[in-house]
Amino acid sequence: HLRKSFCSGSRSEFLHCRSDWTDMSVADVRKGLDGVKADTTAVSTCGNHSAGLTYRGYLIEDLANNCVFEEVAYLLMEGRLPTTEELAALTARLASQRALPPAIKAALELMPGDSHPMDVLRTVASLLGCLEQERNAPGKADTGATCYRLMAVFVSSMCYWHHFTTSGKRIEINTNPKDGLASSVLKMLRDDPSEPDALDVRVIDAAYILYAEHDFAASTFTARVVSSTLSDTYSSISAAIGALRGPLHGGANEAVMHMIKDLKSPEEGVAMIQDMLSRKQLVMGFGHRIYKNGDPRNAIFKSLSQQLSQRVNGQPVLYEVSCRIEEHMEQSKRMFPNADFFAASSYYQVGIPIHFFTPLFVVARTAGWCAHIKEQLVGNRLIRPSSVYVGPELREFQPLSMRSADVDVADHPSPMCGGKGGAPMVAA
């Protein structure tokens with residue numbers, strides 16, 4: 001009927017048809033795709049499953065407490081846990097792939113020191129896509145090979161850029177086959193080849209594992225949308241990094257740390273939260289669209305934060321402040337911490353610079369993104385949702401000489417707006 005009214009040129013038919021169509025469809029819009037099942041996946045379960053969070057059928061608790069990250073990366077990419085020989089081979093492969101091409105080093109040296117580290121990694125992904133192109137037919141690239149290369153390069157790039165922009169030093173890239181991605185990032189970040197504390201390595205390994213995959217999160221869905229066009233893996237990952245850069249997705253752990261790092265006591269922490277809530281401010285690190293009764297990753301990060309706080313050089317007050325804030329939020333708002341809340345104090349006690357919290361997320365989630373890219377390309381169908389049009393009704397075209405600046409969009413109210421003006425009533 002709508003197509004017919006366009007063809008017939010009947011203004012009255014068009015307006016009547018459009019009004020009926022809008023009235024029927026507006027209620028079907030799911031803002032943020034909340035509750036929409038966009039596809040099936042065999043990569044992970046997330047919240048809507050009796051087992052909680054699992055990767056390829058394995059409980060996240062079992063993986064985080066018993067594996068190194070390389071095992072989990074292999075699981076996500078290959079569908080099963082590696083053997084001893086396969087793990088050793090992957091660890092050695094990632095070590096050699098941490099080497100940076102001269103062009104990458106040159107580009108990192110040109111990036112300003114006040115660049116956002118996420119922008120640095122996004123640029124590295126794009127540049128590597130030029131230097132080491134995927135030459136297979138569209139949709140047939142070796143996504144696994146690109147995944148491993150990107151994870152390794154991301155670790156080296158963030159450390160190289162950090163040291164060059166802060167001290168002008170060109171650090172030696174760690175390609176020791178005995179070092180995994182956890183120990184190597186600590187050695188390069190500290191520019192210290194000595195063995196890091198075992199608990200520090202454990203924290204980074206566990207963090208990589210806990211952040212590696214999370215169903216159709218915004219960045220993962222972004223990667224799947226791009227790959228559904230049969231673009232290359234580098235483009236999909238670059239787009240995913242852009243999505244993760246946003247404060248409503250990645251970056252919450254950084255915001256948490258900025259919020260709590262200067263608090264001197266649990267009481268001061270509670271007073272701050274009460275003040276924030278009274279002013280209706282968002283308390284970062286709490287709440288999750290999927291987990292309504294607590295994020296299963298939180299307990300693991302909390303345990304790690306506690307262990308770190310009990311060391312000789314630990315920060316017990318930081319841990320105690322975090323616990324009291326957690327307790328207050330549950331009692332006053334029935335809100336529970338997500339993975340980012342205790343991840344913040346864990347990273348901080350290991351000595352990770354706050355602006356590197358989210359880039360570490362990128363290293364880990366690249367495995368999950370690429371697992372979804374591979375899955376998307378099996379029986380691929382272009383992801384192209386529809387929308388409900390709420391703009392101006394049919395208008396007569398005015399030649400340039402007859403147009404007036406006095407014509408206002410407010411003359412054409414939108415059915416999804418609170419009156420005139422044409423702007424939907426949504427939060428910024």
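User: Which residues in α7 do Ala-103, Ile-104, Ala-107 and Leu-108 in α6 meet?
Analyst: This is a predicted model, in which local features need pLDDT of at least 70, side-chain atom pairs count only at pLDDT 80 or more, and totals for chains, interfaces and linings use all residues. Residues are numbered from 1 along each chain as its sequence is written, and side-chain values use heavy atoms, with hydrogens and water left out. Contact means heavy atoms within 4.5 Å, and helices are DSSP runs (H or I, at least four residues) numbered from the N terminus, as are strands (E, at least two). The four residues of α6 meet Val-120, Val-124, Leu-127, Leu-128 and Leu-131.

User: Is α6 roughly parallel or roughly antiparallel to α7?
Analyst: The axes (lines fitted to C-alpha atoms over the stretch in contact) give angles from 0 to 180 degrees between N-to-C directions. Those of α6 (residues 102-110) and α7 (residues 117-131) come within 10 Å and cross at roughly 150°. Angles under 35 degrees count as roughly parallel, over 145 as roughly antiparallel, 65 to 115 as roughly perpendicular and the rest as oblique, so α6 is, relative to α7, roughly antiparallel.

User: Which strands stand at the edges of the sheet?
Analyst: Two strands pair if DSSP finds at least two bridges between them, and here three strands form an open, antiparallel sheet in the order β1-β2-β3. Because each edge strand has a single partner, one side of it is left without a neighbour in the sheet; these strands are β1 (44-45) and β3 (58-59).

User: Which residue in β3 is the bridge partner of Tyr-55?
Analyst: Strand β2 (residues 54-55) pairs with β3 in the antiparallel sense over two bridges. The partner of Tyr-55 in β3 is Tyr-58.
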